[in-house]
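Please view the model alongside the text.

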Amino acid sequence: MLKWLFNFFIYSNLFIAACAILMVDQTSRLLLHEETDYYLAGFILFSTICSYSFHWYLTSGSLIPSPRIEWLKKNKIVHAFLFFIGLAGAGYFFYYLLSFWFWLLIAAIATFLYSAPKIPHPWFRALRKVAIGKTIFLAFIWMYVTTILPVIVSGHEWNGGFILFAISRFFLIYAIAILFDYRDRQDDKAAGVKSLITYLSEKSITRLFFFSIIVLTGTTLFMLCYDYSLLSAAILLIPGLITAALYNYARRNFRDMFYYFVLDGLLAFSALLMLIPGI
């Protein structure tokens with residue numbers, strides 16, 4: 001029963017939605033020194049469930065053996081149900097955020113465009129030919145939703161510390177996304193998706209990955225110039241250092257739980273650490 005519940009939590013996208021909320025909460029607490037906006041948190045929670053359910057419902061198979069794909073084949077109705085639940089919930093909270101409709105619409109359109117190439121229609125399938133920057137696009141969406149939106153909704157003005165945090169988070173997400181794209185290279189080639197990682201050599205992918213880790217490290221350390229504590233900077237660096245340490249392992253081991261629990265979990269790991277009392 002516990003294994004079934006754990007698999008359901010991961011494969012139904014509830015886990016990744018929880019990670020998104022933790023990341024939003026970290027932005028509010030660390031940058032804005034305030035509680036997360038309730039309506040924004042609700043909008044992001046249900047939007048994440050909606051978009052990921054839509055994405056996975058349209059995912060038909062993989063050249064890599066995948067327990068998640070097998071689970072999906074047996075539980076497509078779950079993704080359909082959660083899609084409509086997510087859509088309804090996002091619509092409800094969107095109503096209370098109407099004054100920010102433009103910024104929320106950017107997130108919604110960008111999220112849809114990421115999954116659009118999976119839609120079985122020639123117009124949308126044509127997007128696969130121009131998806132070379134899909135990894136960068138995905139990292140930007142996650143950074144935008146979990147970093148830029150909370151600042152916009154709060155009404156705070158941007159400063160150097162906020163910008164450094166946004167860059168740091170972007171490159172953490174991008175480094176992790178590189179590993180996902182590396183694993184999915186054969187699937188992307190088979191589907192005709194022309195992503196950057198399918199073009200690059202092994203050496204170039206490694207350089208791009210560690211460039212991301214270096215930028216992540218540099219921007220995080222520069223946050224010290226804006227009165228962020230050394231402890232906060234160290235905690236922000238931990239997920240990046242763990243991701244770097246797992247690089248070679250991740251290129252050889254494509255197990256679903258490693259990717260969808262460990263690597264996805266690293267997105268919100270520093271946020272979880274910052275919830276420990278006294279930190």
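What share of the contacts in the chain with a separation of 6 or more comes from residues 24 or more positions apart? Such residues account for 75% of these contacts, a contact being heavy atoms within 4.5 Å. This is a predicted model, in which local features need pLDDT of at least 70, side-chain atom pairs count only at pLDDT 80 or more, and totals for chains, interfaces and linings use all residues. Residues are numbered from 1 along each chain as its sequence is written, and side-chain values use heavy atoms, without hydrogens and water.

**Overall form**
- The chain has 16 helices and zero strands; these are DSSP runs, with helices (H or I) of at least four residues and strands (E) of at least two, numbered from the N terminus.
- Along the principal axes, the C-alpha atoms fill a box of roughly 50 × 45 × 40 Å.

**Burial and surface**
- Of the 279 residues, 49% are buried, meaning under 20% relative accessible area with a 1.4 Å probe, protein chains only.
- The chain exposes about 13,800 Å², and carbon and sulfur atoms supply 71% of this area.

**Helix H2**
- Helix H2 covers residues 14–32, and its end C-alpha atoms are 26 Å apart, which agrees with the 27 Å that its 19 residues should span at 1.5 Å a residue.
- In H2, 14 of the 19 residues are buried, so the helix is mostly covered.
- His 33 follows H2 and has a positive phi, near 55 degrees.

Terms used:
Buried means under 20% relative accessible area, exposed over 50%, partly exposed in between (1.4 Å probe, protein chains only). Accessible areas come from the Shrake-Rupley method with a 1.4 Å probe; for residues, only the protein chains shown count as cover. The expected span of a helix is 1.5 Å times one less than its number of residues.
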